[in-house]
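Subject: Structure handover, aromatic contacts

Hi,

Here is the structure for your files. Please open it alongside this email.

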Amino acid sequence: MKKKVLTLAAFGGLAVASATAAQLTAEDYCDLKKCVPAGIGEMRPLADGKTYSMVSKDGRKIDIYSYETGKKTGTLFDLDAVKGDVKIESFNGYQVSDNGRKILLWTDVKGIWRYSFTAEYYVYDTMRSTMQRVSEKGAQRGATMSHDGLRVAYVRDNNIFISNLDYRTDIAVTTDGAVNKITNGAPDWVYEEEFGVQCTLCWSGDDQTLAFVKWNETDVPAYSFDDYRSYCDKDPLGDPYPQSFTYKYPLPGYPNSRVSVHAYDLNSRVTKEMELQLGKDDYVPDIQFDGKGERLMVMKLNRDQNDLRIYSVNTGSTVATQVYSEQSKAWIDNDIYRMVSYGNESFVIASDRSGWTHLYEYGYNGRQLRQISSGDFNVTDYYGKSAAGTHFVQTTKLGAVNRNVASIDAKGVVKLLHDTPGWESCAFSKDMTYYVRTWSDVNTPPQYTVWSTQGKKITDLEMNAAYASKYASAPKFELTTVKNDQGADMDAMIMKPSGFSESGKYPLMMYQYNGPGSQQVTNKWHLDGLNYIAQSGYVVACVDGRGTGGRSAEWRNCVYMHLGKYETQDQIAGANAIARMAFVDADRMSLFGWSYGGYMTLMEMSAENTPFKCGVAMAAVTDWRWYDSIYTERFMRTPAQNEAGYEESSAIARSHRLKGRLLIMSGSSDDNVHFYNTLKYTSKLSYEGRMFDMMIFTGMDHSLRTCNARTQLYRKVADFLDTNLK
């Protein structure tokens with residue numbers, strides 16, 4: 001790309017950008033191979049509690065490292081040391097059996113949806129240094145190895161199979177699987193997207209029972225779209241007749257898949273359905289065995305997602321006993337209740353019943369044993385409990401924009417492992433005596449270090465020094481707060497343009513997402529196309545208003561049943577507050593959002609008091625009646641239950657009030673927020689005689705992670721702003 005030197009004249013009074021910052025191109029900020037900081041590879045704590053495994057930098061080995069010294073102590077697997085006729089050239093991931101004797105590896109990955117994939121799976125015998133295929137009959141999905149490493153369960157063609165590695169046989173657990181009708185073990189589209197479920201194959205502790213969920217999506221309406229090839233494909237002109245893609249996608253109020261929970265007994269080869277009294281509209285967002293591997297723990301959630309039950313199930317008798325229940329006047333957040341850990345004698349689960357997210361311990365008889373944490377802060381992740389009874393958690397103890405890991409002792413005393421503001425997470429050893437710490441803040445790229453829980457730093461793994469040097473001159477966010485119209489403080493961050501001068505007057509671009517429970521304003525490293533927009537001469541700002549996460553349940557839940565209402569009010573209030581800053585030109589304000597943020601762009605530009613001259617909406621939901629059932633109904637219930645709320649929250653219903661110039665963009669193969677949303681909205685604009693700009697990413701999905709799509713997107717955003725704000 002030709003380097004662009006920004007001049008004073010180019011921006012009608014803007015300060016000159018620094019020469020160093022101008023050396024960074026759109027690709028440096030947007031290309032996912034260039035802009036992402038270095039990581040430490042795939043790290044797994046091993047069973048001894050003192051070591052962890054990590055894939056080597058060349059991707060050919062799985063090495064063993066000591067927590068105590070931070071040094072390599074051995075090699076668990078080496079592609080070049082495999083004996084026998086069966087070998088592979090590379091691998092994408094792995095699972096180690098509990099006894100460490102077998103390693104399940106997968107390669108030739110082909111994506112299905114956001115998380116799921118099919119692959120060729122192999123099992124490596126660490127004693128013999130030999131490898132064998134899990135199955136010769138085609139790619140598998142969701143393969144999981146038994147604890148003893150003797151069997152692998154997997155899904156193929158919507159059916160479940162168990163491969164016996166010693167006898168080299170495949171046993172069909174189910175035979176009724178059919179595309180767009182029945183799927184066993186692996187979820188339907190909406191479960192994967194909104195509950196994060198990838199596979200439900202669960203081995204009991206003795207490896208004699210395999211539990212799973214079955215989805216019957218026969219009654220779910222099908223959605224179809226033409227899937228055009230992009231120039232990222234090997235043969236971009238090879239589709240003179242475009243392929244039509246069809247899959248099951250439930251809209252609000254329409255039938256969902258009916259689910260049931262089953263257990264297969266390996267000795268009798270009999271499959272039984274568990275007695276959970278699941279209604280046709282109930283969800284099962286999670287199943288797993290308890291710490292002893294004896295009880296099957298099943299979560300059941302009603303369709304309104306405000307009534308959660310957990311059952312302990314005897315897979316032999318199929319009898320289910322309720323051990324937990326929770327109800328909410330709004331919704332029960334899936335990020336909270338899936339923060340659950342089943343131990344040998346009790347389980348720990350998170351709840352925001354107090355107004356803040358905290359941990360509670362229950363016995364398997366259903367009795368609450370204790371509240372583990374309390375206070376005006378949230379627990380945002382649970383790592384586990386040490387032998388001494390100390391719990392380790394991630395918290396907002398230092399404020400909503402920060403994440404800090406803490407220990408909680410038996411008396412409920414919370415102690416931060418590090419009291420440094422920023423964004424911290426930890427990966428603990430099996431015995432909770434060591435951890436790998438990841439930390440960053442708005443000025444510092446991620447740093448990876450090894451520590452003991454006694455407070456001793458063991459070693460540095462990756463400090464991203466070269467990366468930090470490369471982006472030293474790049475614009476960076478500064479954290480602050482602004483007030484909404486009710487006088488409440490909202491977390492905000494502002495990025496000033498390259499070559500910033502206090503005496504300059506700069507155009508403003510507000511960026512938002514704003515989906516319920518989400519957070520954009522965070523004290524962690526940010527580097528993407530927004531930095532490129534700032535380098536191009538714009539003040540970039542972001543505000544987390546009502547409905548966003550990290551704060552109290554009341555702050556988040558106020559948007560219930562009327563999405564877009566308070567979020568729009570707070571975004572406009574935040575933009576006006578930032579526009580009053582001396583270096584912002586209030587006559588040149590714009591906004592940009594992606595997905596829920598794209599929806600917010602349309603809502604804000606059609607508000608009666610909108611201050612925005614132009615806006616960009618990428619992959620926007622334009623009416624909630626056209627998005628998936630689980631996400632939408634969580635916050636809005638069904639259209640029949642909340643007709644007024646759906647109408648009030650519809651962007652297309654208020655298109656006649658759209659002000660300023662709009663750029664609307666979408667991927668033509670977006671399986672998440674369908675291109676239909678963009679087409680319907682722009683059709684109505686044309687019907688109303690309104691002018692707009694539009695850009696389509698042919699063959700691209702919701703995230704634009706392939707080819708040069710993200711670079712092109714932000715180039716287009718910069719070009720659009722230049723055209724309309726100068």
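This is a predicted model: local features need pLDDT of at least 70, side-chain atom pairs count only at pLDDT 80 or more; totals for chains, interfaces and linings use all residues.

The structure holds 49 aromatic pairs. Take Tyr-596 and Tyr-599 to begin with. Their ring centres are 5.4 Å apart and their planes meet at 75°, so this pair is edge-to-face; the cut-off for that label is over 60 degrees. Both tyrosines sit in helix H9 (residues 596-605). They are 3 residues apart there, which means a separation of about one helical turn. Tyr-596 is buried, at 2% relative accessibility. Tyr-599 is buried too, at 0%.

Next, Trp-626 and Tyr-676. The centres of these rings lie 5.2 Å apart with the planes at 90°, so this pair is also edge-to-face. Tyr-676 is partly exposed, because its relative accessible area is 34% and buried would need under 20%.

Tyr-596 and Tyr-599 also turn up in a cluster joined by ring pairs.

Finally, the charges. Lys-524 lies over the face of Trp-423, 4.7 Å from the ring centre. Arg-551 lies over the face of Trp-555, at 3.7 Å from the ring centre.

Best wishes

How values were computed. Residues are numbered from 1 along each chain as its sequence is written. Side-chain values use heavy atoms; hydrogens and water are left out. Rings of Phe, Tyr and Trp (its six-membered ring) pair if their centres lie within 6.5 Å; planes under 30 degrees apart count as stacked, over 60 as edge-to-face and the rest as tilted. Helices (H or I, at least four residues) and strands (E, at least two) are DSSP runs, numbered from the N terminus. Buried means under 20% relative accessible area, exposed over 50%, partly exposed in between (1.4 Å probe, protein chains only). A charge sits over a ring if NZ of Lys or CZ of Arg is within 6 Å of the ring centre and within 35 degrees of the ring normal.
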